[in-house]
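Good morning, colleagues. Please look at the sequence and the structure as I bring them up.

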Amino acid sequence: MPYTLRCNDIQLIEGRYFSSTQFGEQLKLEFDQLYEEGATRKRLMSVSTHDRISGTPAQVKVLDEFLAYVTQKPGVKFMRKDEIARMTLNDKTAVVDKDYR
């Protein structure tokens with residue numbers, strides 16, 4: 001799974017890296033690029049949130065806006081990590097490290 005601080009609300013904990021609005025813009029920019037690339041190959045975006053950070057009113061609003069934005073795009077799916085892993089393992093074209101099977 002791609003795990004990155006770019007799409008992780010932990011950056012908001014101290015308030016010196018991103019505001020909630022900037023975090024929302026970062027999510028949209030990341031999504032837009034991956035969505036464009038997804039026209040020719042599979043793409044996955046992982047967003048990490050924590051209840052004590054993204055449970056604030058400002059963050060709830062930003063995440064609601066982001067989800068409304070991405071759900072309007074055709075072909076977007078929301079899946080849990082176990083569902084993504086199962087889908088990948090069942091995909092004969094996927095490159096999977098055999099040690100993890």
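I shall speak about confidence, then about a pocket, and then about a surface patch.

This is a predicted model, in which local features need pLDDT of at least 70, side-chain atom pairs count only at pLDDT 80 or more, and totals for chains, interfaces and linings use all residues. Residues are numbered from 1 along each chain as its sequence is written, and side-chain values use heavy atoms, with hydrogens and water left out.

The protein chain has a mean pLDDT (the predictor's confidence in each residue, from 0 to 100) of 85, and 89% of its residues reach 70 or more. Helices here are DSSP runs (H or I, at least four residues), numbered from the N terminus.

What lines the largest pocket? Its lining residues comprise 21 nonpolar, six polar and seven charged. Nonpolar means Ala, Val, Leu, Ile, Met, Phe, Trp, Tyr, Cys and Pro; charged means Asp, Glu, Lys and Arg; the others, Gly among them, are polar. Helix α4 gives the largest share of this lining, five residues.

Finally, Leucine 5, a member of the nonpolar surface patch with Ile10 and Ile13, lies in the segment before α1.

How values were computed:
Helices (H or I, at least four residues) and strands (E, at least two) are DSSP runs, numbered from the N terminus. Patches are made of residues with over 30% relative accessible area and no salt bridge: like charges are joined within 9 Å, nonpolar side chains (Val, Leu, Ile, Met, Phe, Trp, Tyr) within 5 Å. Accessible areas come from the Shrake-Rupley method with a 1.4 Å probe; for residues, only the protein chains shown count as cover. A salt bridge is a side-chain nitrogen of Lys or Arg within 4 Å of a carboxyl oxygen of Asp or Glu.
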